[in-house]
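I opened the model today to look up a few points. My notes follow in the order of the look-ups.

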Amino acid sequence: MKIWAYIDHFQGQPVPASWEALGAAKTFGETTAVLFGQGLENLTQLALEYGADSVLVVNDPVLSEYRAETYADTLTALLKTAAPQAVFFPTTTRTRELAAMSAFDLNSGVLVDVTALEPNGEKIIATRPVYEGKLFEKVTCSGSPQFVTLRARAFPKPTRQPGRSGAVESASTQPKALTSVEGFTPAETNVNLADAGVVVSGGRGVANDPAKGFELIGSLAKALGGAVGASRAAVDAGYIPYAHQVGQTGKVVSPDLYVAAGISGAVQHLVGMRSSKVVVAINKDPEAPIFTQAQYGVVADLFTFLPVLDQAFRQKLGK
Amino acid sequence: MKIITCIKQVPDSEAKVTAQNGQPSWGDSPLVINPFDEYAVEAALLQREAHDGEVVALCLGPESARDALKHALAMGADSAILVSDPALGALDTASAARILAAAIQKIGGADLAFFGRQTLDEGTGLTISQTARALGWPLLSFAGSIQVEGSKVTVERVIEEGKQSVSAALPAVISVVQSIGEPRYPSFMGIRKANKAEIPVWSLADLGLQAPAPVVARAELLNPPERGQQCQMVSGETPEAIAETLVEKILAEKVL
């Protein structure tokens, strides 16, 4: 099979899951990494080092900022002349739009937010969560190419091979812009929950002293090299910004280790973290629903237990 | 200003959903308006308040989806239209987008068409972009605030990396996020009005469409694998002893 792997980036910063998609594409056949934007030399080299057999670059000032229509026009135009069997993407807000529009243009379809893949001749059978992760479905796409977006951290990241080289091809298209980007304010803290290997989250349990509670959670997250998450209750109460929210109305995470501190475990939270590998729950209430999702549970007050746990980890990990 | 808000009916988030003979089942849990779509209704009402005009709620779904439209009417939408047809089986997103686009055209077009950012059932988030594509209208996604001046709309997009200001000419498709404002509760008067409202039902023939042939199809619906083990409660004499045991167990999992 010939596969394209679309490398998603924001202003030149690659989304780590792009490399996972590239790695997954390679398991299906010869893979061309596809890059849109302006000044893409670094990303081109990175794509080769992460294993792309070749790279197709569209370098155009019109594409300097991501816009759904210009990116979709570009992808559609390229796919009208080349014919890969599938295009893989990491699942991000941008690629959902890009894949949706380009697939629509080509009378094909998108298998979105996929957690597992199996080949079936030239076709792909994709597994994806539905109903907030309460069920899974296996889906197929009868159009061509098959557009497949992969959930972050569901597929292994390939090993980077510094200095690796390969063919680089440039193309140009005439995309039509329907929107103008007028300004951008970066987020105060870049919370990259979707790509985090460890997430330590806090909930209503911090209520007695929210600042102290999230300081303890932050310290443990730092010791474990992870990101800080929060339940909706903690965000709604104003203890921590929305960017940290894990759950149905926040972010879906699937780290290797998820530590829930003072989180009761409302359905809305559970759907956001249920695909974590190992879940540790710390809660004062032994009846808290979070324990039904956890491998390890500790009935304790987070204010007394987290500092001790933090200390124990730092000792063991030599930090 | 003419505003259309597209909504969907989904099982309540609290529902226990299971796969039964390849179909999703939510027992006797209620069907509700997709929670993200309530924000789309709110956004539409805020624009009507700022610029006058009318809000039409549009829903594609079975006969039972009337209730979701009634919720939008009770919140304050001026009218509602249900697109429903026995020929509508398992729809893929592109088919849904073509049908919604045709319905929007039949309504007579609009200045703005609102969507919630995602649905709780299939959760693909694809239909919004594909509807914009079918209409040929610009897409302004993840809008946290919206300003319309003359024939131009500017939104502040709330994205992972920060806040981005983006503008387009009307008409436009806009998907909204929660920072648009909490959806208002239906008023008593609103509920009365909604109960009396006539909701026309449009068939595929009314829209000049054939039964769609889906490109994406479900081969299987599965219950998630059971969690292998029960929760192991870690206890000990002192917090220090518990922490030490817990750290050892986590390190043994080799996830760090």
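Entry 1, domain spacing. I took the centres of domain 1 and domain 2 of chain A over C-alpha atoms and found them separated by 32 Å. The model is predicted, so I note this as a computed value. For the bounds, I have 2–170 for domain 1 of chain A and 198–317 for domain 2.

Entry 2, domain contact. I looked up how the two domains of chain A touch: four residues of domain 1 are in contact with five residues of domain 2. On the domain 1 side I noted one nonpolar residue, one polar and two charged.

I then turned to chains A and B, where the contact takes 66 residues from chain A and 63 residues from chain B. On the chain A side, strand β13 (residues 179–186) gives the largest share, eight residues. I sorted that side of chain A by type and got 36 nonpolar, 18 polar and twelve charged.

I found strand β10 (residues 135–141) of chain A joined to strand β14 (residues 216–222) of chain B by six bridges, with the two strands antiparallel. I looked up A:Glu137 and found B:Leu221 as its bridge partner in β14(B).

I located B:Lys16 in the loop between β2 (9–11) and β3 (18–20) of chain B. Is B:Lys16 buried or exposed? I logged B:Lys16 as exposed, because 12 other C-beta atoms lie within 10 Å and the cut-off for exposed is 12 or fewer. I also noted 7.9 Å between the C-alpha atoms of B:Lys16 and B:Ser29, which are 13 residues apart along the chain.

Conventions
Residues are numbered from 1 along each chain as its sequence is written. Chains are lettered from A and ligands numbered from 1 in the order in which they are written. This is a predicted model: local features need pLDDT of at least 70, side-chain atom pairs count only at pLDDT 80 or more; totals for chains, interfaces and linings use all residues. Two residues are in contact if their C-beta atoms, placed from the backbone, lie within 7 Å. Helices (H or I, at least four residues) and strands (E, at least two) are DSSP runs, numbered from the N terminus. Ala, Val, Leu, Ile, Met, Phe, Trp, Tyr, Cys and Pro count as nonpolar, Asp, Glu, Lys and Arg as charged, and the others, Gly among them, as polar. Two strands pair if DSSP finds at least two bridges between them. Domain bounds come from an automatic or database domain assignment. A residue is buried if 20 or more other C-beta atoms lie within 10 Å of its own, exposed if 12 or fewer, and partly exposed in between; C-beta atoms are placed from the backbone.
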